[in-house]
Each structure stands twice: as C-alpha cells, then as structure tokens.
Amino acid sequence: MRMAELSRESGVAIATIKYYQREGLLPPGELTSPNQARYGPAHVRRLALVRALTEVAGLSVAAVRDVLTAIDEPGSSLHDVLGIAQPGLPAAPPETVSAADREWAARRIDEVVAERGWQPPPGSPLIETLAGVLCTYRAVGHEWPLDNLSAYAEHADRVAAADIEALAGLGSAENMVEGAVVGTVLGDSLLAALRRVAHAEASRKRFGRT
C-alpha cells in the first residue's frame, strides 16, 4: 500500500507517519521508485503499537524508541520489554515524608512481599510508589484500609495472573506489548468502576433499608 493507504488503514495522519519515520519509530517502506514506497501489514501493526505507547500510555518519543528497540533486538526478554513499556504510576513518596513513616511503610510492604513470594528488583519504582500510597494513608489518618493489605495483594495477584495469561495468547511481542499498555490503562479504570459498583451493592446490603 502507498503512504495515503497506510494512513487510512492505520488512522494516523500522513504528517505523523513521516514524523515517526524521522524519529526511527517506523521502518521505511520498500522503495518502488525514487519518490515512492510501499508499505505492508507490519507497518500498520507498528503504527498501532506506537499509538498505544504514545496516546494511551503517554510515553515520550525517546521512551517509545527504547521499547521498539527492545522488541526488535534478538534475544530480548519479553518480561524486560513489558517492564519498559508499562505505563508509569504516580511518583514515589515526597521528601516531606518522615524517615519513621518510610520505615513503617517498608516493613508493611516487606511483610506482603514475603507473604506473596514476590521478588521485586532492588529499588523498584513500583515499590516506592506503593510506599508513597501507604504513607499517604497514614498522613490523612485513615490506616484502616491497610488492615486488608494482604487480601488486596492476594486479589492483585489473581488479576495479574489473569492479565498475563490473556497476554500470552496474543501471539507476537508487539501484540503483547500493545495489549499490556492498553490493558493496564483501561484495566485500572475497569477495576475502579467495578469496585465502585461493588461498593454500592455492599452498602445497600449492609446499610440500606430492607
């Protein structure tokens, strides 16, 4: 297909396609003349992935390039590629958090990590983010949800296992990375919505009029 056809097929404007090519996010097409190139399904697939990474995950062009490089590099671990591609979470706990609160959060997290058999890498930003959430609970004087931290972690394990099992069925690394990005961003919203629906039902049963 020509550039115009690629644009129609992918839903990406021609100017954007050319920009992605200049930035090394999209490989060049097969030259059919000095000024014409032909594109195929692989280009449509790559554009879909780039759109997911930029528009859904909000990654920078440089970060997208890192993801694509990891995908295209022979022998790359899919685990590592997914780690690069996954949308980030809010920042780690602010500097205003006391050392005592940080130590308290670290102990709570260590307990859950050991209980679940998780093996986060040293200095994991996700663990830092989790610590920030725990510290915020404490700062606002509502630590009671953390009484269920082990149960939350157990449910998170089940959701994650279901996500990864579903991703494994998507085939190519590109499909899995795109699915992970979209699934994480929309999945967070899905779980939040389901939780609120469940809250309303639980409240009706516990506090509503019979």
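Here are a few worked exercises on a predicted model.

**Exercise 1. Helix α6**

Work out how far apart the end C-alpha atoms of helix α6 (residues 99-116) should be, and check that against the model.

Solution. Start with the count: α6 has 18 residues. The expected span is 1.5 Å times one less than the number of residues, so the 18 residues should span 26 Å. Now look at the model: the end C-alpha atoms of α6 are 26 Å apart, which agrees.

Next, which residues of α6 are buried? They are Trp104, Ala105, Ile109, Val112 and Val113. And what covers them? The cover includes α7 (125-139) and α8 (149-168).

**Exercise 2. Helix α7**

Do the same for α7, then find what caps its N-terminal end.

Solution. Take the 15 residues of α7 at 1.5 Å a residue: they should span 21 Å. The end C-alpha atoms of α7 are 21 Å apart, so the two values agree.

Then go to the buried residues of α7, which are Thr129, Ala131, Gly132, Leu134 and Cys135. These pack against α6 and α8.

For the cap, check Ser124: one of its side-chain oxygens lies 3.2 Å from the backbone nitrogen of Leu126, and that is how Ser124 caps the N-terminal end of α7.

**Exercise 3. A nonpolar patch**

Find the residues that form a nonpolar patch on the surface, and say which helix gives the largest share.

Solution. Pick out Val159, Leu190, Leu191 and Leu194: they form the patch, with about 340 Å² of accessible area together. The largest share, three residues, comes from helix α9 (residues 173-207).

Now zoom in on Leu191, which is found in helix α9. Is Leu191 exposed, partly exposed or buried? Its relative accessible area is 43%. Buried means under 20% and exposed means over 50%, with partly exposed in between, so Leu191 is partly exposed.

**Exercise 4. Ala200**

Classify Ala200 by its accessible area, then say how far its C-alpha atom is from that of Tyr19.

Solution. Ala200 is also a residue of helix α9. Its relative accessible area is 48%, so Ala200 counts as partly exposed. As for the distance, Ala200 and Tyr19 are 181 residues apart along the chain, and their C-alpha atoms are separated by 47 Å.

Key
Residues numbered from 1 in each chain as written. Predicted model: local features only at pLDDT ≥ 70, side-chain atom pairs only at ≥ 80, totals over all residues. Heavy atoms only, no water. Patch = residues over 30% accessible without salt bridge, like charges linked within 9 Å, V, L, I, M, F, W, Y side chains within 5 Å. Areas by Shrake-Rupley, 256 points an atom, 1.4 Å probe, with all protein chains shown as cover. Salt bridge = Lys/Arg side-chain N within 4 Å of Asp/Glu carboxyl O. Helix = DSSP H or I, 4+ residues; strand = E, 2+ residues; numbered from the N terminus. Buried < 20%, exposed > 50% of the residue type's maximum accessible area, 1.4 Å probe, protein only. Contact = heavy atoms within 4.5 Å. Polar contact = N/O pair within 3.5 Å; in protein donor to acceptor, adjacent residues only side chain to side chain.
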